[in-house]
Amino acid sequence: MPRPGFVLDVDKSTPPTLFWHGEGFRLEKLPADRSRVIYAPEPHDAIDDVDGAIRTSLLNPIDMDPLPSLLFPGMKLTIAFDDVSLPLPKMKRPDLRQRIIEQVLTMAADAGVDDVHIIAALALHRRMHEFELRHALGDRVYDAFEPRGLLYQHDAEDPDNLAFLGTTDQGEEIEINKRAAESDLLIYVNINLVAMDGGWKSTAIGLASYRSLRHHHNPTTMEASHSFMDQHASELHKSTWRMGKVMRDNGPTVFQIETTLNTDTFPQPFEFLSKREWEWKPKDRALYLGAAKSLAKTPPRLARKIFHGIEAPHQMTSIQCGEVEAVHKVTTQNVYDQQLVEVEGQTDILTMGIPYICPYNVHSIMNPILVMCTGLGYFFNLYRGKPLVREGGVVILTHPTTPEFHPVHHPSYIDFFEEVLADTRDPHVMSQKWEKQYAEDDWYRHLYRTTNAYHGVHPFYMWYWGCHAMKHVGKVIIVGGDAATVRKLGFTPASTMNDAFEIASDTVGRSPTITHIKTPPLMIADVK
Amino acid sequence: MKALQVSRSVPRLGMARIASAISPITATKLGPLAYTSVDAPELPGPGWHRVRTRLAGICGSDLSLVEGHASLYFEDWVSFPFVPGHEVVGELDDGTRVILEPVLGHEARGFAPPFDGAAPGDGDDYAHLSTGQLQPGIQTGFCCSTGGGWAPEFVAHETQLHRIRDDMPDERAVLVEPFAGGIHAALLAAPTVAARQDPSTPAIVAVLGAGSMGLAAIAGLRRYVPDVRIIVGARYPHQRQFAKEFGADVVVAPDELPRAVRRAAGCHMVGDHLSSGAHVTIDAVGTSATVADCLRITRPRGRVVLLGMPADVTLDLTGLWHRETELKGSYTYGTEHLPDGRTARTFDLAIETANELRAERLLSATYPLSDHVDAIAHAATAGRRGAVKIAFRI
């Protein structure tokens, strides 16, 4: 029976806590009697018969007819799927998307459907590399569709292949992939890693254009999303749900397929990363020491390769298909069931170790902007109810935060770091002054459309992701980061955790309460 | 009198060149420069004055010479032994303070000027620089007949002297000559700026290097070339600060300059070249690497102005040929035709600019001649040490 999430009150006998530090780890001893560590629930049991569950779900959707009855000869069928940003880390093959899409294609073939397109719903993310597409879809699907131009990646900058569906009552424009918009049936294949994902957030965003995305990917909307993991308290989700209504009224019929995963995140020899430190056996300690020492001597490039090669053993815990909102309601509950941890009250200082990966640097480099986004955008928002840290409190991150950028994946991030952050860190100011230039830069557009680069505007979205946190907290400190880079982000560098606490005392006093959120594995703090 | 003098010594030049890879101090000690007794130069004739040096700057071209890196091109344009020093503020016999315009022009050598009112640097025939009543020498500071600023006194022709007001401090005046060089380079950008394809948006002018000459070029661009967006690549924080104060719109580290120019131009990057780029790029450094960098970031049919004195450089000129880029040398100063239609002497513009910007802020340290080893080492490592201009105080 998997154990639920757990809040450990630190006392003198508590062993040091493992913090992620990019492609490495640190052990930190948190002050006794005023610190606590939140541990994620243990992984729920996975479904044994995954293919059977997929088939059952396709034949028994929620609020829609079974999939075979929606398929007919001569129809235009489009299958869209979540891109490389999910799941994290990538799952072992066969990926769920492959398993689902293979069954959908079998049903389509049985129904005589011969006009099928498969689209990576990447919005303004980077195009996936061939090996990533093969990993997600399997070689059979890739080899059958890609050479014939029937498997491709959504191009949000191709004006000839975008369709305008309408405007919400708040003036938000919905423009999505034309093939998807004009299809008789759009099947969306989702992996719901966190409660933020799925529902209209997948369908109305993954196939959308900048014209649509700017209506909710902006500082005002992000600041008012409390939090991204709670759809009902998130302006981002309210906006996408309004867009979903327009899609439903004016767009294709959508057959949504959503899956949830358990939090079995780390394979051997990294399974100690999921364990509670006081439960480490000698083998776990040895593995930790071996990993930590050898990583310290490993060149960063190689360390990155090792980590990005990790394939997580996480497995499917649920699958539901059918009407978008009805499906998503069930999915969200399943995510909460796996990830929620009840936490009593807020804290003065929230600490978090930033790992090597986030949705936007798969097989890539976590540059300083993504460090900020992961910490203040994602981890800060892993809550329901209230943020873990009180207003005016301090967030302490651990990460090397080197000024390193992947020139192919993140070209506009380099310019954002050099030019925009040199001018302002205020998301509202940069949104007014700089965003349009980057969104419309012809070179970034060219790179997004023809190489594997994130869209020119993407670093802005990453910065906006941290808007709520930036407004909420009094100070952000990064331990172990490159000092000049940390300062450029507008944060305070510290060499050690004790130095960080000392610096924080100017903001929160000398005996603050401290909470460490030990993630990954993923969790959501249900803060009372 | 005791002065610094450069003798023709091939072995010493060779040793200096090798030693400069180790340290500037070693290069200076082993090289052709010596602190020695020299005779004060004779006045060559009417119109000549004796000048007592107050301050004399150390220039990049002086460093090249001392470290053995100067090109053999100058072999026929200088006369040994000579006293270096061409950035000079001094005093005449009657106590009048003057700034030296060091080019030994037509009139200084006993020839008629190329046109009425010509400045010493004007004209398109350089024969006079190695003939006439003086030994060969492009400037004071490279001619054995005149002496130079790195000595208590030297001689200068009336056409080389600019009398300055009492309210102009020596520390400002010694920067006028490098400012004139930088302003001249800036004005060489003007024709390309004026002829650009799209006059509705500012021209992009990039400046690579922000030592004293680069900073002077920036100041010259801002003051005298209208409608330009100035983007500067400067290595050290104090240089970046001055560049901003002198009028640069964007200042970045040198390795960020291509991206900064790309952003301003809104162009693509093809390989390591920008598809378009700056209308004009001013190279205030002058190495193979910086000239190549400038060619890469200058748009087709644009102009690269070579302000920093180069020596032997190795360049792949295919890009220059393909892009029809102009490579234009910028040497000293003379008479300028400004974009606003005025004609002015560069030195007058430099005095005006130095006064307005309080150029003395760039003078970081002064040394007596006897401490020339330390002075030259400081000048050679100025950027790293937070300095801009080093001078001798006599």
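Mentor: Gladly! The buried residues of α10(B) pack against β8 (203-208), α9 (257-265), β12 (273-274), β13 (278-283), β14 (298-306) and α11 (318-323) of chain B. Here, two residues are in contact if their C-beta atoms, placed from the backbone, lie within 7 Å, and a residue is buried if 20 or more other C-beta atoms lie within 10 Å of its own. Helices are DSSP runs of H or I with at least four residues, strands are runs of E with at least two, and both are numbered from the N terminus. This is a predicted model, in which local features need pLDDT of at least 70, side-chain atom pairs count only at pLDDT 80 or more, and totals for chains, interfaces and linings use all residues. Residues are numbered from 1 along each chain as its sequence is written, while chains are lettered from A and ligands numbered from 1 in the order in which they are written.

Back to the helix: α10 of chain B spans residues 288-297 and is mostly covered, with 7 of its 10 residues buried. These are T290(B), V291(B), D293(B), C294(B), L295(B), R296(B) and I297(B).

Elsewhere in chain B, A248(B) sits in the loop between α8 (237-245) and β10 (250-252). A248(B) counts as buried because it has 25 C-beta neighbours inside 10 Å. Leaving out residues up to four places away in sequence, A248(B) touches I218(B), I230(B), V232(B) and A243(B).

Key: A residue is buried if 20 or more other C-beta atoms lie within 10 Å of its own, exposed if 12 or fewer, and partly exposed in between; C-beta atoms are placed from the backbone.
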